[in-house]
Amino acid sequence: MKHPVFRLIKKIAYIVFPKYKVIGMENIPDGPAVVIGNHSQAHGPVSVELYFPGEHYTWCIAEMMEKDKVAEYAYRDFWSKKPVIIRPFFKLVAHLIPSLSEIVFTNADTLPVYKDKRVFKTFQLSVEKLEQSAKIVIFPEEYTEYNNIVHRFQRGFAHLGKYYYRQEGQDIPFVPMYVCPARGELIFGEPIYYDHTNKSEEEAERICGYLQDAISEIAYSLPRHRVVPYPNVSKKKYPYNERLL
């Protein structure tokens, strides 16, 4: 049974956030798969929690699940790029949300992502869910800009392919997903499969390169709209989905 506060927040989210239509379902393979999307600030994780089709688990930074670490992480990752004049307000907010954050992120369909020696637990839990034919959803952007659609992906998630192959003897598919708040759409592109015959670092580069470009191409193919970027910047700085020359 989910925590009553979480159930209430989820109902509110259905009302407040845009309604999303799922497009490209045919690109999601039956059985286990890893789905990689643009974070789009809060829109990516929230839209997936509310509208992703089928059983899934989203990677969530472990600090957001641990009450004593929420405030520092939340301010640094979510609001430190806000205009200087309003940053004190968001610093206050960051210190008001730890208990709520712990409830939300431990009740949602999430898996903790550790960045210390416990990182192997993240992969272990993920492989266990994949073995149950669930989908693992990951938003791997960092603050280095790749283009006007996505920021550069952190490479670590691609090693899920290596761990899954070791366990199951099969190469896992990675599916690109474009989160488009402006149009209320979750759009899935054609998957790329992990190749266990390649060196793992080379595979990480190959898979990340494909996924960054595939998500970008989905965005470029759509009518003109504002892209919600990974950094929590002013809406005036949101780019359009026009291909840069």
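## Helix packing and buried sites in a predicted model

In this predicted model, helix α6 (residues 119–131) and helix α7 (residues 160–168) approach each other with their axes within 10 Å, crossing at roughly 55°. An angle of this kind makes α6 oblique to α7. The crossing in which α6 passes α7 is right-handed. On the α6 side, the contact is built from Phe120, Phe123, Ser126, Val127, Leu130 and Glu131, and these meet Leu160, Tyr163, Tyr164, Gln167 and Glu168 in α7. Sorted by class, the residues of the α6 contact with α7 comprise seven nonpolar, two polar and two charged.

Leu160 has its place in helix α7. With a relative accessible area of 1%, Leu160 is buried, the cut-off for that class being under 20%. Leaving aside residues up to four places away in sequence, Leu160 touches Val34, Trp59, Phe123, Ser126, Val127, Leu130, Ile136 and Ile138. Among these partners, Phe123, Ser126, Val127 and Leu130 also belong to the α6 side of the contact between α6 and α7. The separation of Leu160 from Asp171 is 11 residues in sequence and 9.9 Å in space, taken from C-alpha to C-alpha.

Two packed helices are described by the angle between their axes and the distance between the axes. For helix α1 (residues 4–16) and helix α2 (residues 43–51), the axes come within 11 Å and cross at roughly 100°. The two helices α1 and α2 are therefore roughly perpendicular to each other. Their contact brings Phe6, Lys10, Ala13 and Tyr14 of α1 together with Val46, Glu49, Leu50 and Tyr51 of α2. Six nonpolar and two charged residues make up this contact of α1 with α2, with no polar residue among them.

The other partner of α1 is helix α5 (residues 98–107), which packs against α1 at an angle of about 80°, the axes being 9 Å apart. Here too the geometry is roughly perpendicular, this time between α1 and α5. Val5, Phe6 and Ile9 of α1 make the contact with Leu100, Ile103, Val104 and Asn107 of α5. By class, the contact of α1 with α5 holds six nonpolar residues, one polar residue and no charged residues.

The buried set consists of His43, Gly44, Ser47, Val48, Glu49, Leu50 and Tyr51. What do the buried residues of α2 pack against? Their partners are α1 together with the strands β1 (21–23), β3 (56–61), β5 (135–138), β8 (173–180) and β9 (185–188).

Most residues other than glycine have a negative phi, and most peptide bonds are trans. Ser40, found in the loop between β2 (33–37) and α2, has a positive phi near 50° without being a glycine. Gln41 is found in the loop between β2 and α2 as well, and its phi is likewise positive, near 55°, in a residue other than glycine.

At 80% relative accessibility, Asp30 counts as exposed. From C-alpha to C-alpha, Asp30 and Ser200 lie 25 Å apart in space, and 170 residues separate them in sequence.

Finally, the cysteines were examined. How many disulfides does a search of the whole structure find? The search finds zero disulfides. Cys60 is in no disulfide, and the nearest cysteine sulfur, that of Cys208, is 20 Å away. Cys60 counts as buried at 7% relative accessibility, and Cys180 counts as buried at 0%.

Note on methods
Residues numbered from 1 in each chain as written. Predicted model: local features only at pLDDT ≥ 70, side-chain atom pairs only at ≥ 80, totals over all residues. Heavy atoms only, no water. Axes fitted to C-alpha atoms, helices over the stretch in contact; angles between N-to-C directions. Helix = DSSP H or I, 4+ residues; strand = E, 2+ residues; numbered from the N terminus. Parallel < 35°, antiparallel > 145°, perpendicular 65-115°, else oblique. Left-handed = near helix turned anticlockwise from the far one by under 90°. Contact = heavy atoms within 4.5 Å. Nonpolar A, V, L, I, M, F, W, Y, C, P; charged D, E, K, R; others polar. Disulfide = S-S within 2.5 Å. Buried < 20%, exposed > 50% of the residue type's maximum accessible area, 1.4 Å probe, protein only.
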